[in-house]
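Here are some notes to read beside the model. Please keep the structure open as you go through the points.

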Amino acid sequence: MTAKVNEPKTRGQAPRKQGRTRPTPPKRDLEPMRIAKAMAQAGLCSRRDAEKWIEAGRVAVNGTVLTTPAHVVSSADTILVDGEPLPAARAPRLWRYNKPKGLVTSHKDPEGRPTVFGALPDTLPRVVSVGRLDINTEGLLLLTTDGALARHLELPSTGWVRRYRVRAHGRVSQGALDALKRGITIDGIRYGPIEATIERTQGSNVWLVVGLREGKNREVKRIATHLGLSVNRLIRTSFGPFALGDLAFGAADEVKRKVIAEQLGADVARTLDVKS
């Protein structure tokens with residue numbers, strides 16, 4: 001495993017100038033797949049929204065309006081969405097994003113709360129998140145244009161450690177934290193081995209550095225509560241080899257495809273069509 005990806009300076013999100021265009025990423029042939037997946041890979045919408053569009057009669061393949069998202073398509077098919085050709089699928093892209101507190105990791109929130117995707121820089125294409133951070137959690141959130149890449153990165157079997165800085169009210173001993181290395185069961189839920197160390201104390205609060213591999217829902221807060229601590233700030237500082245570094249709040253910085261391929265390994269990169 002190579003060193004963590006942590007570029008020291010955030011690239012500016014300058015407005016696009018007249019007469020200048022960004023280099024076009026290499027196009028990928030469309031391998032046989034369900035139409036909803038093809039639409040998502042082309043960046044038009046999510047698979048769920050694609051199914052709704054198909055139900056509404058907005059998608060046609062080879063001149064026939066589709067009625068089911070189960071239809072399989074390939075590069076040999078002529079696909080039209082709202083009468084326009086389906087954009088070609090492109091190589092997966094990945095960004096580091098510094099999520100501020102107060103944003104929901106969702107494209108739409110039924111409660112009307114502000115979302116990560118509504119706050120992203122306008123220069124980003126449509127992206128999905130690699131896992132989630134809850135509304136009160138800050139820090140590193142990985143974003144990608146490719147759902148398959150997102151699913152691979154968030155699997156516990158990938159083995160990547162998620163690291164957090166935790167500020168919590170209360171006191172805990174290093175011995176109690178060391179015991180977490182054996183894993184722990186809380187309210188019938190089994191949590192795997194957890195790395196945790198005391199960074200410093202600050203008044204009635206303690207700062208911890210916590211590393212875990214599973215990423216279960218509200219895992220850090222549940223474990224802290226079990227130890228008699230009340231979390232009042234939670235910052236994810238790294239996800240596997242990708243580090244938050246000094247990325248500014250609300251900023252997004254693209255990871256080079258070469259770096260993605262190196263971190264995934266040759267076999268996985270080839271499967272996901274991530275080329276350097």
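1. Where does Asp-82 lie? Asp-82 sits in the loop between strand E5 (79-81) and strand E6 (84-85). Strands (E, at least two residues) and helices (H or I, at least four) are DSSP runs, numbered from the N terminus.

2. A word on the source. This is a predicted model, where local features need pLDDT of at least 70 and side-chain atom pairs count only at pLDDT 80 or more, while totals for chains, interfaces and linings use all residues. Residues are numbered from 1 along each chain as its sequence is written, and side-chain values use heavy atoms, with hydrogens and water left out.

3. Back to the backbone. Asp-82 has a phi near 55°, a positive value in a residue other than glycine. Most residues other than glycine have a negative phi. Asp-82 is partly exposed, with a relative accessible area of 46%. Buried means under 20% relative accessible area, exposed means over 50%, and partly exposed falls in between (1.4 Å probe, protein chains only).

4. Arg-218 also calls for a look. Its phi is near 55°, again positive in a residue other than glycine. Arg-218 is placed in the loop between E14 and H6. With 42% relative accessibility, Arg-218 counts as partly exposed.

5. Now the cavities. The whole structure holds two cavities of 30 Å³ or more. On a 1 Å grid over the protein atoms alone, a cavity is a set of points where a 1.4 Å probe fits but cannot get out; lining residues have an atom within 4 Å of a point. Grid points are joined across faces, edges and corners, and a volume is the space filled by probe spheres set on the points. The largest cavity has about 90 Å³ of space.

6. What lines the largest cavity? Among the lining residues are Val-166, Leu-177, Ile-194, Leu-208 and Ile-223. Strand E14 (205-212) and helix H6 (219-226) each supply at least two lining residues. H6 gives the most, with three. By class, the lining has 12 nonpolar, no polar and no charged residues. Here Ala, Val, Leu, Ile, Met, Phe, Trp, Tyr, Cys and Pro count as nonpolar, Asp, Glu, Lys and Arg as charged, and the others, Gly among them, as polar.

7. Next, the rings. The count comes to one aromatic pair. Trp-160 and Phe-242 form this pair, edge-to-face, at 5.8 Å centre to centre and 70° between the planes. Trp-160 lies in the loop between helix H4 (147-154) and strand E10 (162-169) and Phe-242 in strand E16 (residues 242-243), so the pair ties together parts that are 82 residues apart in sequence. Rings of Phe, Tyr and Trp (its six-membered ring) pair if their centres lie within 6.5 Å; planes under 30 degrees apart count as stacked, over 60 as edge-to-face and the rest as tilted. Both Trp-160 and Phe-242 are buried.

8. Finally, two buried loop residues. Thr-115 is in the loop between strand E7 (94-99) and helix H3 (116-119). Thr-115 is buried, at 11% relative accessible area. Asp-146 lies in the loop between strand E9 (137-144) and H4. Asp-146 is buried too, with a relative accessible area of 3%.

Note on methods. 1 Å grid on protein atoms, 1.4 Å probe; cavity = no way out; pocket = protein on both sides within 12 Å on 5 of 7 lines; lining within 4 Å.
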